[in-house]
Amino acid sequence: LTQAPALPATTLSPYCYTYMFWGCTSLTQAPELPATTLASRCYSNMFNGCTSLTQAPALPATTLAEGCYYAMFSGCTSLTQAPALPATTLAEGCYRSMFNRCTSLTKAPNMLPATILVDNCYRFMFEFTAIMAIPRIMATTYATDSCKGMFDDVKTLNVYSSSGPGHTYGWTAPASTYCSGMFGSDDGESEWAKLDGSNFPNSGTPTEGVTYYFATV
């Protein structure tokens, strides 16, 4: 399959597009996805393993559903840039593993605007990617494992414990319970991001109250 059909639906049902293009290794372009009313697992694994896909479609929904984007682009090794993710209302596991193993992905969204996180919402979201800077995380309320493994095995990240030239964003760690393993998931195959700063522990769990800065220098 080299070309996807149009998918004009704006209101989805549970599992409607799950695995729809899974393993379509010749698919180079995704269809437009205009839906703004999502449902449980609606896009789960939709493009998993589409190794020729170079561009992700816009995802305009602002209210998400349980697991709606789970592993949506996992293994899309030609994808270089993530789309904007404007959602402000999240659901359990909504972004889990969304870009996992997108090994050419260098640019994450500029911002993740949701202020209230839920269980597993960002878990493994950018694991094994090549992003150069993390999104601006606007969360003020966290949940259990909401960020676990979010940046696990991202070897292109540099994490600093103090600001300086070239730093892109300062993120103050909330309670460690809620962001445990953000830079390492203890999955047996983890190699942490590049760490520069005595305050950052080798376990991948940020220290509560410490501000970390991210840069490519």
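**Notebook: rings and core**

I began with charges over rings, and noted that Arg 41 lies over the face of Tyr 70, at 4.7 Å from the ring centre; here a charge counts as over a ring if NZ of Lys or CZ of Arg is within 6 Å of the ring centre and within 35 degrees of the ring normal. I also found the charged end of Arg 101 over the ring of Phe 128, 4.2 Å from its centre.

I kept in mind that this is a predicted model, in which local features need pLDDT of at least 70 and side-chain atom pairs count only at pLDDT 80 or more, while totals for chains, interfaces and linings use all residues. Residues are numbered from 1 along each chain as its sequence is written, and side-chain values use heavy atoms, with hydrogens and water left out.

I then searched the whole structure for aromatic pairs and found ten, a pair being rings of Phe, Tyr and Trp (its six-membered ring) with centres within 6.5 Å, called stacked if the planes are under 30 degrees apart, edge-to-face if over 60 and tilted for the rest. Tyr 19 and Trp 22 make an edge-to-face pair, 6.5 Å centre to centre with 75° between the planes. Phe 73 and Phe 99 are stacked, 5.6 Å centre to centre with 5° between the planes, and this pair ties together parts that are 26 residues apart in sequence.

I looked up burial (under 20% relative accessible area is buried, over 50% exposed, in between partly exposed; 1.4 Å probe, protein chains only). Phe 73 is buried at 0%, as is Phe 99 at 0%, whereas Trp 22 is exposed at 54%.

Methods
Helices (H or I, at least four residues) and strands (E, at least two) are DSSP runs, numbered from the N terminus.
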